[in-house]
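The following exercises ask the student to read a structure step by step. Each task is followed by a worked solution.

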Amino acid sequence: MRMTVTDEDLAIAAQNGDEQAFSSLIARQYDRLFRLCFRLTGAKAEAEDLTQDICAALPAKLASYKQQSKVTTWLYRVAVNAAHDRRRKQASHTRAADGWGDWEVNRQAAIAENADRADWLTTAMNALPNDLRDTLALVLDDMTHAETADILGISEGTVSWRLSEARKHLKTLKEKEDV
Amino acid sequence: MNDDLDDLKSLLNDATPAPDAQRRAENIALATKNFTDFQGSRTQPRLTFRSKIWTRTKLMLNTLTSRGGLTVTTAIVACGFIITTPFGRDLLRTPMPVIEPTAVDPGQAIPEVTPEPTELLREPVPAVEPEVNELAADFESQAVRALEQLQAPTDGAAVREAIEEDVLALATPETEGLSLETATLDQVEMAPAAPQLLSRAAPAVGTSAQIQSEPTDLYIAPPQGNTEIFANDAPNPLKITSDEPVSTFSIDVDTAAYSLVRSSLTAGHLPNPDAVRIEELINYFPYDYTTPNGPHPFQPTVNVFETPWNADTQLVHIGIQGEMPAVEDRPPLNLVFLIDTSGSMNQPNKLPLLRQSFRLMLDNLRPEDEVAIVTYAGSSTIALEPTAAENRSTILAALNALTAGGGTNGQGGLEQAYTLAEQMTEGDDVSRVILATDGDFNVGLSDPRGLEAYIEDKRESGTYLSVLGFGRGNLQDATMQALAQNGNGTAAYIDTLSEAQKVLVDNLTGALFPIANDVKIQVEFNPAEVAEYRLIGYETRALAREDFNNDAVDAGELGAGHSVTAIYEVTPVGSPAQLSDPLRYQAAETTTTSDELGFLRLRYKAPGDDTSQLIETAFVTVSQPNAEAAFAAAIAGFGQLLRDDTYLGDWGYGDAIALANANRGEDPFGYRTEAVQLMRLAQSLAN
């Protein structure tokens, strides 16, 4: 019976200031959110940090949720934007910090983790350009092309194109590996 | 999806690690904390003023397709040609004979504008000499038609706006603001509501609503924190009969607490314990008590039976059934709807629900009843002068024209509504102000006590007040309660249309026609039989012992056909459940020899009277509970589970559900079935 309350109901209640509704919404969506963050970043430590960023900023973002849309669509959009912001910050940090500091520590940890896993998949995902990776992550997370297009703010055609590009990239990667 | 992507997907699923449990907990806690902090910072609605010209220009450019753009530019050129060139003017001036297609192909002159007319022109051509003026007539009608076409479809909406910019500019800022609010309410209802000026400026309602609704939510719906305030006192403590044998309270027939509990539970969380007023939960349900046949308009029945949650105590169940006067004989009714139209009412479960609710009620009024509507936002206005209920269309039109916007000045509206109600009263009429609000009184005098004092004054004038609450998030339950209790009225909370049906239609007579005013209950327990007692609920309705005989002290009203239930849990002398020990230094004063458990006194005033009448009855026997009393006991238990279960022991939701289920009775409206569902919801939420 409990599940008769939809995520959308919870989000609306949370918009009206209902704290309980907000925390149950987060609790319900956390795992999904983390999964997407992992796919967007490709490393567990990075994904944890990104999820934290999103959680911290989510109350302020709540106002942007429109009653007509699905909560997951809205949440994914927030996540993708947060991932962009993070990449941008990291890029400028790399330029400024000359490879040292917190960021470097994180990066080393991520590299170590990737090396441990040693599967080609993470490497492959990381090798993809960011826009292709975002698209792929969303589509692989059971989003339809239309939903993905909506989340990324691009057209459906672009989604299909990006997917085929991603496929090409993966294929060349695999071929290289096989050789 | 292709196979390679499927492979990738399963690979990725395997590769995705589980989130770290500790980080998960921390992150959720962080989010919740930020959420709480965030609530404080946005109590003030942030007004965003963005230049509307740019928004619209952007919108126009976004929606303008190349085809539509070409069509309109060509049309403009064509119009310009007709209007500015001497040749074009000649064309316009010539009289119009019968249109006759010509061999001249007008498509050459205006290729884009005339897809439809060209077909017309291709009809067989009689051999008539082509004339210039025919061409002109065609030309003109095509241009006009093309323009008309442009105005209708969505593509053309932005274009039309560009063309009609000057017309829109005529609209004053005030009307424009009004239109914005109307647009968000719902597009269907907007058509009759839009002021004339605007409806002239924007004939295509659907598209204009879409265009205008975007800037609307920039400032109409301010983000609101949860600012609900509930009226409740600490649960009644256990009283020792020898110390305090008399318990006095006023009846309460409000039902707001039950609807609030329902709205919380169906939203997936347990209600705020302070929102649970157990007596209102119990009195939400109609009970089949003995109907009065004596001289008094109501009759009390007392049942004493074993407490479901404690075998060693007993419940004293007092049921009061009001008489149901013949509905046909009821005096004419004057209703003043006082409607909060502040900006916060602009939500689907507020103003639109209110409109539907009143529409339901309107169908059940008599032709001679009168209705008036006063609205209040920043200032109060009379939206509908007193109108007989038979003029249904006038009233409906006024209801539909209501729009939400601005601040809230409850007092100004109340003053106007009461004045109007007094004007409408003639002879035996029953006048009632029905205040519908989401609880906001945030402009001017919003101190509940100031309003209370005003309403207390007005109570003397004989006008009753009903308070209907709408929407959650900002419901000022305390203010609503204070108003209803002081204004001889009831408070109900409308969360669904079926609740509106119950409050405004099924109970129309009961809710609107009082049969007894200031009904007070006083119970004196016999210390020889009852060691301790506890009144379940009625915390906000407690009266001092001496208030019982003081007719100046206000109490609750009983409506026609209403029933009121009060339940005491009593511990018999010598029961192992007794919680207090006998005193060592004072002799227990068990001087009475009577075997009565207690004595019930009721006081009430007939409507319009100033002096009260007394009903007295003693109660003795311990009997089996009947289904009605047992159901009331189940609800009392449910209320305590939600609020404070100190006295319930191991008794839980499962027991409440079983007890309520076993005593559902006939339940013609399904209210009791719904209660059982709510108990189940609460059970799963509490675990």
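**Exercise 1.** State why strand β14 of chain B is described as largely enclosed by the rest of the structure.

*Solution.* Strand β14(B) covers residues 563-572, a strand being a DSSP run of E of at least two residues, numbered from the N terminus. A residue is buried if 20 or more other C-beta atoms, placed from the backbone, lie within 10 Å of its own. Nine of the ten residues of β14(B) are buried, so the strand is largely enclosed by the rest of the structure.

This is a predicted model, in which local features need pLDDT of at least 70, side-chain atom pairs count only at pLDDT 80 or more, and totals for chains, interfaces and linings use all residues. Residues are numbered from 1 along each chain as written, and chains are lettered from A in the order in which they are written.

**Exercise 2.** Identify the strands that are joined to β14(B) by eight bridges and by six bridges.

*Solution.* Two strands pair if DSSP finds at least two bridges between them.
- Step 1: β4(B), residues 310-322, runs antiparallel to β14(B), with eight bridges; I320(B) stands opposite V564(B).
- Step 2: β12(B), residues 530-536, is also antiparallel to β14(B), with six bridges; R534(B) has E569(B) as its bridge partner.

**Exercise 3.** Determine which element gives the most residues to the side of chain A that touches chain B.

*Solution.* Contact requires C-beta atoms, placed from the backbone, within 7 Å. By this criterion, 38 residues of chain A are in contact with 35 residues of chain B. On the chain A side, α2(A) gives the most, with 14 residues.

How values were computed: A residue is buried if 20 or more other C-beta atoms lie within 10 Å of its own, exposed if 12 or fewer, and partly exposed in between; C-beta atoms are placed from the backbone. Helices (H or I, at least four residues) and strands (E, at least two) are DSSP runs, numbered from the N terminus. Two residues are in contact if their C-beta atoms, placed from the backbone, lie within 7 Å.
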